[in-house]
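Here's a quick briefing to read alongside the model. Have the sequence and the 3D view open as you go.

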Amino acid sequence: MSDAVFYVVATPIGNLGDLTPRAVEVLQSVALIAAEDTRHSGRLMAHFNIKTPMISVHDHNERQRLQTILDKLAAGDSIALISDAGTPLISDPGFIVVRGVREAGFKVVPVPGCCAVITAMCAAGLPTDRFIFEGFLPAKRSGRQQKLSMIEFETRTVIYYESTHRILDSLQDMIEVLGAERYVVLARELTKTFETIHGDNVGALLEWVKQDANQQKGEFVVLIQGVELIEEEGLSVESLKVLDVLLSELPVKQAAALTAKITGEKKNALYQEALSRK
């Protein structure tokens, strides 16, 4: 087996000073760079005087490029994968290639750095001990509202990416599905000149964004605070939600038993609550 290495390299999300010295060294030393957009990444390479050849690897050609990458690795040539900005594979292409390289037995080495999700999280002032990242919200209103309805009772911080073209519509949908009082943080243009991180109840947040056209531009990370666990007769809101769903399909005893397995709540308490709800 070849000693060649496949590096997954994080690049800046805005400020070029955030490219790590290790990343520069790797990008200079490999035989080939697999870039999401070679023209876009060409500017980064020129800034750091990196002259390594590049090929494009994006959503539409990943499977086709995989064999080329495997052949190069087999020949002993190390390769680096980069996306347009941030950490590859985080709402960016690369999963198919990385999995294929690993399955072929080659070493995959991460070179960490910028990631918009983590950058936003550390400055948002929201709980970070438990969070979920959901990528981009659906483009259409119906799909977006359906997705948001799935996190209505989520207790963890929920993070989405959003585009400048849909940010107002997405905030409006959050009001309709989650309520105007849900606390939301917008992190816009992170590490760039006009970086903004602003949080408020989503009703007020939407008005704030509407009043300033500049706050409607750029790339957004949207962070939604999870709901607080409210006890009702000793049972959490999460457990009651699960119980209601199961009661719509199952008998009381079975619904209570299954809810207990899912949530860890006491089966007897769930059974009594299920009886009252039936």
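Contact here means heavy atoms within 4.5 Å. With that in hand, valine 222 touches Val158, Ile159, Tyr160, Glu162, Ile167, Met174, Val184, Val185 and Leu186, once its neighbours within four places in sequence are set aside. Keep in mind that this is a predicted model, where local features need pLDDT of at least 70, side-chain atom pairs count only at pLDDT 80 or more, and totals for chains, interfaces and linings use all residues. Numbering runs from 1 along each chain as its sequence is written, and side-chain values use heavy atoms, with hydrogens and water left out.

**The core**
- A nonpolar core is a set of buried (under 20% relative accessible area, 1.4 Å probe, protein chains only) Ala, Val, Leu, Ile, Met, Phe, Trp, Tyr and Cys residues joined through side-chain atoms within 4.5 Å.
- The largest one has 21 residues, and Leu148, Leu171, Met174, Leu186, Val222 and Ile224 touch the most other members.
- At least two residues each come from strand 7 (157-162), helix 7 (167-178), strand 8 (183-188), helix 8 (202-210) and strand 10 (220-224).
- Helix 7 gives the largest share, six residues.
- Helices (H or I, at least four residues) and strands (E, at least two) are DSSP runs, numbered from the N terminus.

**Aromatic pairs**
- Rings of Phe, Tyr and Trp (its six-membered ring) pair if their centres lie within 6.5 Å; planes under 30 degrees apart are stacked, over 60 edge-to-face, and the rest tilted.
- The whole structure has two such pairs.
- Phenylalanine 136 and tyrosine 161 have ring centres 5.5 Å apart and planes at 65°, so they sit edge-to-face.
- This pair links strand 6 (residues 131-136) to strand 7, with its two residues 25 apart in the chain.
- Phe133, Phe136 and Tyr161 make up one aromatic cluster.

How values were computed
Buried < 20%, exposed > 50% of the residue type's maximum accessible area, 1.4 Å probe, protein only.
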